[in-house]
Amino acid sequence: MYLGLDLGTSAVKALLIDGDQRPVASASGALEVSRPHPGWSEQNPADWIAAAEDAVARLKASHPGQLAAVRGIGLSGQMHGATLLGPAGEALRPCILWNDTRSHAEAAQLDADPRFRAITGNIVFPGFTAPKLAWVRANEPKLFAATRKVLLPKDYLRLWLTGDYLSEMSDAAGTAWLDTAGRRWSGDLLAATDLDAAHMPALVEGTEPAGILRGALAARWGMGGTVVVAGGAGDNAASAVGMGAVREGQAFVSLGTSGVLFAANDGYRPSPDTAVHTFCHALPQTWHQMGVILSATDALNWLAGVAGVAAADLSAELGDTLRAPSGVIFLPYLSGERTPHNDAAIRGVLAGLSHGSDRAALAQAVAEGVAFALRDALEALRAAGTPLRRVTATGGGSRSRYWLKAIATALGIPVDMPADGDFGAAFGAARLGLIAAEGADPHAICTAPAISETIEPDRTHSSAYAEAYGRYRALYPAIKGALK
């Protein structure tokens, strides 16, 4: 058996798979986000451990015999979080999360240093880790001076699991400190934020062993023998491992809290001016590019909260039959935007409202707005030299057929739906645990799921969608200055 632990924003998910990669059982431990000020987003690292303990305890209660057979554990997690640790490995403050935008000024200052784009292949986004440390240095100098290690969220879980300060390439690429081509920390970029390599965990590839589960935890969970903990991956690279998107030309669209268009690359192809992310993949000598939007299902959750209904009910009201755009335009920039704007200050907009704009019309506008934001990401990937011919859907939002039809029509490419199963980040993490524990061939393990259905672009509405996308594109520059 092999265990995947995925540290998300809203939960830690534990997924158990067998030697044939069949999911056996899963469980989750819930998490909450603290937002003490506008633009801030934090979590207490101790809550991650409690949630992971909760999830594994649920698995042990339901499948004790299978848990005893675990030979490898893989980790995946939300990227970019700044977890500051003191001399004894204690967390010095709440972790500053990926969707926290307080460090936008520091990000702009670092991005103005040409070394960052040249070495990392990326814009320094406010959500990345390096500007967060620059913010702490400026605003919490005593805490900065006390910091001995900086870990990404999943690697804080690893420290608890193994006692080792280790990370891997895909997650490290989202810090703005990694030499992404050379797959190593950059001393120059660390020095630019008054840090050095001693503050960083050592690096391995995501498929490699990265520690052994501590005996006390193994005993508590009923695991026998040596349990290898894999390097693992950032959440999107882990999802790609789960989806089998590990070779050139393989791609997926993720509709989770955020939205992602992900494409695997067999070489390093940076294009920072497009605001496309160019990161290391979880497999050795493999990279990937991503267009990232900050609010996908989060946008529907926001509307559901305003309307006082469940997000699932809003999604159900949309039905399955795609409709032409109503004229209501939604910009899903509830917490700023990455691709293609790199704008932490912009905020969401509903435009074109009328007396007839009821709840259903707003839900439709949200689905279309996210689809058009993903179209922006598609155009950015094309400009970065990575055209997509089809994508596979994943994430909670992919359960909405209406949303997938809107995305296929907005992108103008087919969207494949996997057959029933769990192919997300936790599954990818479990695969990495298998590879590390058994020394297996990554490409033999990371196969694509069977496809149950392909959703083609709706040609009946293609022209109307093209016109609506043009209106969508015109709205951002019109309101950019007014909402800052």
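1. Helix α15 contains the buried residues Tyr-402, Trp-403, Leu-404, Ala-406, Ile-407, Ala-408, Thr-409, Ala-410 and Leu-411. Here buried means under 20% relative accessible area, exposed means over 50%, and partly exposed is in between, with a 1.4 Å probe and protein chains only. The helix spans residues 401–411 and is mostly covered, with nine of its eleven residues buried. Gly-412 follows α15 and has a positive phi, near 75°. Helices (H or I, at least four residues) and strands (E, at least two) are DSSP runs, numbered from the N terminus.

2. On the basis of the model: this is a predicted model, in which local features need pLDDT of at least 70 and side-chain atom pairs count only at pLDDT 80 or more, while totals for chains, interfaces and linings use all residues. Residues are numbered from 1 along each chain as its sequence is written, and side-chain values use heavy atoms, with hydrogens and water left out.

3. Strand β19 covers residues 287–293, and seven of the seven are buried, so the strand is largely enclosed by the rest of the structure. Both of its faces are covered. Trp-287, Gln-289, Gly-291 and Ile-293 lie on one side, and His-288, Met-290 and Val-292 on the other.

4. Which strands pair with β19? Strand β17 (residues 259–265) runs antiparallel to β19 and is joined to it by seven bridges; Leu-261 stands opposite Gly-291 of β19. Strand β18 (residues 277–280) is also antiparallel to β19, with four bridges, and His-277 has Met-290 as its bridge partner. Two strands count as paired if DSSP finds at least two bridges between them. The hairpin of β18 and β19 has six residues between the strands, and in it Gln-285 takes a positive phi near 55°.

5. Leu-261 also belongs to the largest nonpolar core, which has 61 residues; Leu-261, Leu-374 and Leu-388 touch the most other members. Helix α14 (residues 359–383) gives the most to this core, with 14 residues. A second, separate core of 40 residues includes Ala-82, Trp-177, Ala-240 and Phe-252. A nonpolar core is a set of buried Ala, Val, Leu, Ile, Met, Phe, Trp, Tyr and Cys residues joined through side-chain atoms within 4.5 Å. In soluble globular proteins, nonpolar side chains tend to be buried together.

6. The contacts of Leu-261, not counting residues up to four places away in sequence, include Gln-289, Met-290 and Gly-291. Among the others are Phe-252, Leu-374, Leu-388 and Leu-411. Contact means heavy atoms within 4.5 Å.

7. In helix α12 (residues 297–307), Thr-297, Ala-299, Leu-300, Leu-303 and Ala-304 are buried. They cover an arc of only 155° around the axis, so they are on the same side of α12; the arc is that of the directions from the helix axis to the C-beta atoms. The face turned away from this buried side carries the exposed residues Gly-305 and Val-306. The buried residues of α12 pack against β16 (251–255), α13 (311–318), β20 (329–331), α14 and α15. Just after α12, Gly-308 takes a positive phi of about 75°.

8. Ser-315 is in helix α13 and counts as buried at 19% relative accessibility. Leaving aside neighbours within four places in sequence, Ser-315 is in contact with Leu-300 and Ser-400.

9. Arg-431 sits in helix α16 (residues 425–438). Is Arg-431 buried or exposed? Arg-431 is buried, with a relative accessible area of 4%. Its contacts, not counting residues up to four places away in sequence, are Ile-17, Gln-21, Val-241, Gly-242, Gly-244, Ile-445, Cys-446 and Thr-447. The side chains of Arg-431 and Gln-21 are joined by a polar contact of 2.5 Å. A polar contact is a pair of N or O atoms within 3.5 Å; within protein, one must be able to donate a hydrogen and the other to accept it, and residues adjacent in sequence count only if both atoms are side-chain atoms.

10. The structure holds zero disulfides, a disulfide being a pair of cysteine sulfur atoms within 2.5 Å. Cys-280 counts as buried at 0% relative accessibility, and Cys-446 is buried with a relative accessible area of 3%.
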